[in-house]
Amino acid sequence: MVSATVYGQPTADQKSTSSSDQPSQARSSTREPYINVPSNERWVSGLSGAALVLAGLKMRSIPGAVLILAGGAMTRRAWTGHCNVYGALGINRAQGEGAAPEDYSSKGIHVSQAITIDKSPEELYRYWRDFQNLPRFMFYLDDVQILDDKRSHWKAKAPAGMSVEWDAEIINDQPNETIAWRSLYPASVDSAGSVRFVAGPPGRGTEVRVTFDYIPPAGKAGWVIAKLFGKDPEMEVREDLRRFKQIMETGEIPTAQGQPHGRRGVIGSIMASN
Amino acid sequence: MKAVCWNGKKDVRVENVPDPKLLNPTDAIVKITTTCICGSDLHLYDGYVPTMQPGDILGHEFMGEVVETGKEVKKLKVGDRIVVPFTICCGNCFYCKNQLWSLCSNSNPNAWMLEKAYGYTSAGLFGYSHMFGGYAGGQAEYARVPFADVGPMKIPDGLPDEKAVFLTDIFPTGYMAADNCNIKEGDIVAVWGCGPVGQFAIRSAYLLGAHQVIAIDHVPERLRMAEEGKAITINMDDEMIFEKLRELTGGRGPDAVIDCVGLEAQGHTLDAWYDQVKAATYMATDRAHAIRQAINCCRPGGTVSIPGVYGGFLDKFPLGAAFGKGLTFRMGQTHVKKYLDDLLGKIQEGKIDPSFVITHRARIDDARKMYETFAARAAGCIKVILQPNENGSVMHA
Ligand SMILES: NC(=O)c1ccc[n+]([C@@H]2O[C@H](COP(=O)([O-])OP(=O)(O)OC[C@H]3O[C@@H](n4cnc5c(N)ncnc54)[C@H](O)[C@@H]3O)[C@@H](O)[C@H]2O)c1
Ligand SMILES: [Zn+2]
Ligand SMILES: [Zn+2]
């Protein structure tokens, strides 16, 4: 009963847990009290669970996505279950936890996007799982350094000498199927993401489904983040995925930046994309 | 280098710009020996295509010699003579793998713009606005060619530029237009527009077995060239097209119709004037006279093939007639690469000499004047080729 709430196991997709999830499985079977349950598992059941719901529903708009996120029955169990548990046990997240899943659904921006790539799930997973590759196609990132098997250090491109950096950890890793990660406290931006690789219909490559959640912070970091993501985070993620496809299928990202052109004139130099 | 730059409606200028550089590992740089002005360029010239920027280098029909290759270029070598298809294709996406080369989903750096307009992107094009990628074009001394191992084809030494250069666009375009008609024995094909694309559509329809081709235009020398290609011609200024086509087909109507006119169609009937007013007042983007007429004239169960370019919205589109007659529509930018080997073979076997269409040969410095001449259909101008790396004087055929 307890494990059903805490660990969720929303779909068959989460059956095969990788080695990185072994601790949670072990705890699950011994049914330890809530207080010992690290937030990771909640993330696995909550966030990725929601990701699956969202992917299935193919929601596009942010409000729609947030609604489903909040309303999905299974998701809500994971979300509010923990919220209540936390409340009941009097745990204060401010003492060393980042944002909780429920914060993402109440305050966060949620984006989900899908693209189909003409490569196998194995090839796509392998490239993505090496987080150092992410800045090649996620243009808001400057650099990702791998700290250990699960943890990494992310640096975003920040305007005017400012830096936005945070540590992230992998909270779900199922080889060739799913990777999910979230920022670790203290992060200037609470963020979490997941990617799934699902073989498409015959001859149609692999469907790559991504969710990305972040809580727009206040202050300087908030300003930087707003700049990085612009007005349309859905579109940013879609462009990330397009570049991922281009790299995987062709080995490069097409560009017209740096080509010759004639005099742009006043209007032209403002409007030209390259 | 010198390059032909778009500067606004009816304003192209030859400017000195920096030489192109390799930007991606699969790029090659080509020294251009021959490049052409296309009817599609007129849509840019006349301001019908959005997302052009002053300074954009025009041109998408060019060939030349490889002078530099990126480190991932394996097949092409410096010194190779190549023709470059105007549709840029990656060779690895679903569309490229299915021979739908002009729909390549990886070659447009500004895919998001086309997605906003059309829902999904298609291939990047040379010199054809920022929504098609913002690639610098080939009306210049040099051009950068992305995915150089995929699209371009080597041309044997013995074959002169004038016979090869139209493989970049208008020969495959006319050929695909005819191929899309699914021509069967006894078929009569009607072609609207006797510009270069129409000329190649006429000849391709015969190559593919058409019984008779009927061509429609109102420019005398273009009609004459169509007749040289064995078409029966109808001058739209003098005759009622529908009645004439009925008569020429024994009352059946043409089995297939090809629109080689596109979005700047001219006409004398009420709907054509209506289109001009609407386009001029920005209430519609495209002028639909030719395609409306073609749909109307096509026999029941026939095919409507549309190589002519459309960009936005059509008003008074006779979908009822199309539905009522159960017509098949085929259209789109040309999958150039799909046809290259086959058409090179036909040229080498002497089945066609594409240079028949050339009326003007000029230096790149004369590009501004040549645009004016071609746009005005003046001086018998049907097809202009430019030789950017030659210093000879202007010659007329
Ligand atoms: N699909 C492709 O990939 C592709 C490639 C190249 C060109 N094109 C398009 O094909 C079209 C023709 O190209 P072109 O180079 O031959 O251009 P062009 O401008 O030289 O020829 C167009 C011809 O159509 C005639 N015309 C105008 N209104 C007409 C009407 N109502 N009925 C009959 N004829 C009419 C004009 O007199 C002219 O001769 C253009 O729209 C061009 O953009 C498409
Ligand atoms: Zn052309
Ligand atoms: Zn492609």
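## Residue classes and the model

Ala, Val, Leu, Ile, Met, Phe, Trp, Tyr, Cys and Pro count as nonpolar, Asp, Glu, Lys and Arg as charged, and the others, Gly among them, as polar. The model described here is predicted.

## A cavity in chain A

The structure holds 10 cavities of 30 Å³ or more. The second largest cavity has about 80 Å³ of space. Its lining consists of 11 residues, and M138(A), V210(A), F212(A), V237(A) and D240(A) lie nearest the centre. By class, this lining has 9 nonpolar, 1 polar and 1 charged residues. At least two lining residues come from each of β7 (206–215) and α10 (233–250) of chain A.

## The sheet of chain B

In chain B, 6 strands form an open sheet with parallel pairing, in the order β12-β11-β10-β13-β14-β15. β12 (232–235) and β15 (328–331) of chain B each have a single partner strand, so one side of each has no neighbour in the sheet. From one strand to the next, the twist averages 20°.

Strand β14 (residues 303–306) of chain B is joined to β15(B) by 4 bridges. Within this region, T303(B) stands opposite T328(B) in β15(B). Helix α10 (residues 289–297) of chain B lies across β10, β13, β14 and β15 of chain B, at about 165° to β10(B).

## Two packed helices

Helices α5 (residues 170–179) and α12 (residues 336–348) of chain B pack at an angle of about 105°, with axes 10 Å apart. Angles of 65 to 115 degrees count as roughly perpendicular, so α5(B) is roughly perpendicular to α12(B). The contact residues divide into 8 nonpolar, no polar and 3 charged. Among them, F171(B) and Y175(B) belong to α5(B), while Y339(B) and L343(B) belong to α12(B).

How values were computed: Residues are numbered from 1 along each chain as its sequence is written. Chains are lettered from A and ligands numbered from 1 in the order in which they are written. This is a predicted model: local features need pLDDT of at least 70, side-chain atom pairs count only at pLDDT 80 or more; totals for chains, interfaces and linings use all residues. Side-chain values use heavy atoms; hydrogens and water are left out. On a 1 Å grid over the protein atoms alone, a cavity is a set of points where a 1.4 Å probe fits but cannot get out, and a pocket is an open set with protein on both sides within 12 Å along at least five of seven lines; lining residues have an atom within 4 Å of a point. Grid points are joined across faces, edges and corners, and a volume is the space filled by probe spheres set on the points. Axes are lines fitted to C-alpha atoms, for helices over the stretch in contact, and angles run from 0 to 180 degrees between N-to-C directions. Angles under 35 degrees count as roughly parallel, over 145 as roughly antiparallel, 65 to 115 as roughly perpendicular and the rest as oblique. Contact means heavy atoms within 4.5 Å. Two strands pair if DSSP finds at least two bridges between them.
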